[in-house]
Amino acid sequence: MKTGFIKYLDYKYKFNYKNCELTTSDYGKECILEDIIIESKKRPTNFYIGEELFENQKLVFYKRAGFPQISNIQKHHINMMIAFDKFKNESIKTIEISFKELTYFYGKDNFIAEYTEGTNTEIKGTYRLKSNTYSKTDSDEFYIIIDGKKIKYQIIVDRKLHIRKLDRANIFDMNTYIQFYYDFDEDYELIYKIILYLKKLFSYLNYRKNISFDKIITKTLYDDNLYVKNGEIEFYYGDDVIMPSDEEELKKHFIGFKYVKNNLSNIFQDIIDEKIFIRNMPYNQFKRNQVSADRVVMVTSALEKEFKLSFPKGIIHKKETRDARKKIDDLFEILKRDSEFNSDERKILIDAQKAIYFESLETLINQCYKSNKKVIDIFGKRLADINGLEYKPTNWIKAYSKLRNGFAHGEVNLDYSNDSMLGVLYTERLIYIMQLRRTGLNEKEIIGALNNLFERFLTD
């Protein structure tokens, strides 16, 4: 529990804060509610700045939807809290975020240069481990753009050897974190967005939503080249309480850095620009193979969005079909210009023209399948094998399309067959393939990236 005072529009308020819940109340007779309401209309805010009573810390409370006008007592579910260290410069120049998913994503390949174990009698039982230099263990510098602001980021590996503490379970510590560089100052909304988009990126890379961060710290710059910690951040997304994944699951299901390192910023930027649809992601690893009505709808939305990006010209038709459609278009144009038709009748003609060109979900998926057949067959056959079924992608696509149409039209008696369930999971894998191809990965990289993610476990 943190207690202190918030100064807002030159008025003082008492606050209590614990686990993303902020309670504010009037403090002192000088608080005139009417004046605050009038003034707050001129100065809306997404953040309050407070001072902790006992630790004398500066605190920033951020709420993405904005704080309402202050009244006598209010409770707020905040999205982010920054607690600055005492007597430290409060100018934020970098954000440093560490979490287990990042450690497994980046891997140890970049860290270990040489490892040998003694085998002959004289040196048996001895081990030699040589690490790479910082320049080799740290990633290249990458860039993303948020609201027109160019932000640099880098994945960094710290290491610590406990020479005098050999009784430790791990005498060697390796800490992986991602660092974002920008002159943030009081741009708290940008800080929140960076953390939010990073969470979404790793939801995509891990095929689940429950990504939680172990530690988020802020740093300021001293002597032009030394970053020093000056605060910590608590981050909350929505009302969900994140339940961390089992450690063994963290090691299994993710897209590794080595496959996407040349295109990581393309994927990250597409997440930011909402070109990669992630609302269809399962909440955790236990739900990844469960199919529900809302997931069917979300997978369809993801497919339709990706189809438009991957095939901007739409369905690819044969020449005969294109020629026939052109004749139909010409005929409709003549009819629409006919003076005997009123505006309502012309609207009917336009709707009829659109109906002729309606493309079914099944048609969209089939085109995606044909364009990515070599790669999707690898993962589709694995789906069939683990379910003890024959690989029949056209049957799955047809059954899934029928199920989705049933949901869309409110039908009660729907066919939850093996084919329809596998069709949903199959389409999700197809969407991943299309997204990764569009962001620049080649065929080999796509297969490697999705290998662990979808439990195929091929050797590299």
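1. Cys368 sits in helix α11, residues 361-371; helices here are DSSP runs of H or I with at least four residues, strands are runs of E with at least two, and both are numbered from the N terminus. At 0% relative accessibility, Cys368 counts as buried. Buried means under 20% relative accessible area, exposed over 50%, and partly exposed in between, using a 1.4 Å probe and protein chains only. Cys368 and Phe311 are 57 residues apart along the chain, and their C-alpha atoms are separated by 8.9 Å.

2. Before going further, a word on the model. This is a predicted model, in which local features need pLDDT of at least 70 and side-chain atom pairs count only at pLDDT 80 or more, while totals for chains, interfaces and linings use all residues. Residues are numbered from 1 along each chain as its sequence is written, and side-chain values use heavy atoms, with hydrogens and water left out.

3. Now the overall picture. The protein chain has 15 helices and 15 strands, and buried residues make up 44% of its 460 residues. Among contacts between residues at least 6 apart in sequence, 66% join residues at least 24 apart. The accessible surface of the chain comes to about 25,600 Å², with 50% of it belonging to carbon and sulfur atoms; accessible areas come from the Shrake-Rupley method with a 1.4 Å probe, and for residues only the protein chains shown count as cover.

4. How many salt bridges does a search of the whole structure find? The search finds 18, where a salt bridge is a side-chain nitrogen of Lys or Arg within 4 Å of a carboxyl oxygen of Asp or Glu. Asp85, Lys229 and Glu232 are linked in a network of them.

5. Take Arg295 and Glu428, which form a salt bridge with their closest N and O atoms 2.5 Å apart. Arg295 lies in helix α8 and Glu428 in helix α14 (residues 418-438), so this pair ties together parts that are 133 residues apart in sequence. Both partners count as buried: Arg295 has 7% relative accessibility, and Glu428 has 2%.

6. Lys374 and Glu443 also form a salt bridge, with the closest N and O atoms 3.1 Å apart. The pair links distant parts of the chain, Lys374 being in helix α12 (residues 373-386) and Glu443 in helix α15 (residues 443-453), 69 residues apart. Lys374 is exposed at 60% relative accessibility, whereas Glu443 is partly exposed at 29%.

7. Lys193 and Glu189 make a salt bridge inside one helix. Their closest N and O atoms are 3.8 Å apart, and because they are 4 residues apart in helix α4 (residues 188-206), about one helical turn separates them. Lys193 is buried, at 10%, while Glu189 is partly exposed, at 33%.

8. Finally, have a look at the surface, where Lys209, Arg279, Lys305 and Lys308 gather in a patch of positive charge. Patches are made of residues with over 30% relative accessible area and no salt bridge, with like charges joined within 9 Å and nonpolar side chains (Val, Leu, Ile, Met, Phe, Trp, Tyr) within 5 Å. Lys and Arg count as positive and Asp and Glu as negative, while His and the chain ends are not counted; the place of a charge is taken as NZ of Lys, CZ of Arg, CG of Asp or CD of Glu. Arg279 is found in the loop between α7 (264-272) and α8 (293-310), and is exposed with a relative accessible area of 56%.

Definitions and conventions:
Contact = heavy atoms within 4.5 Å.
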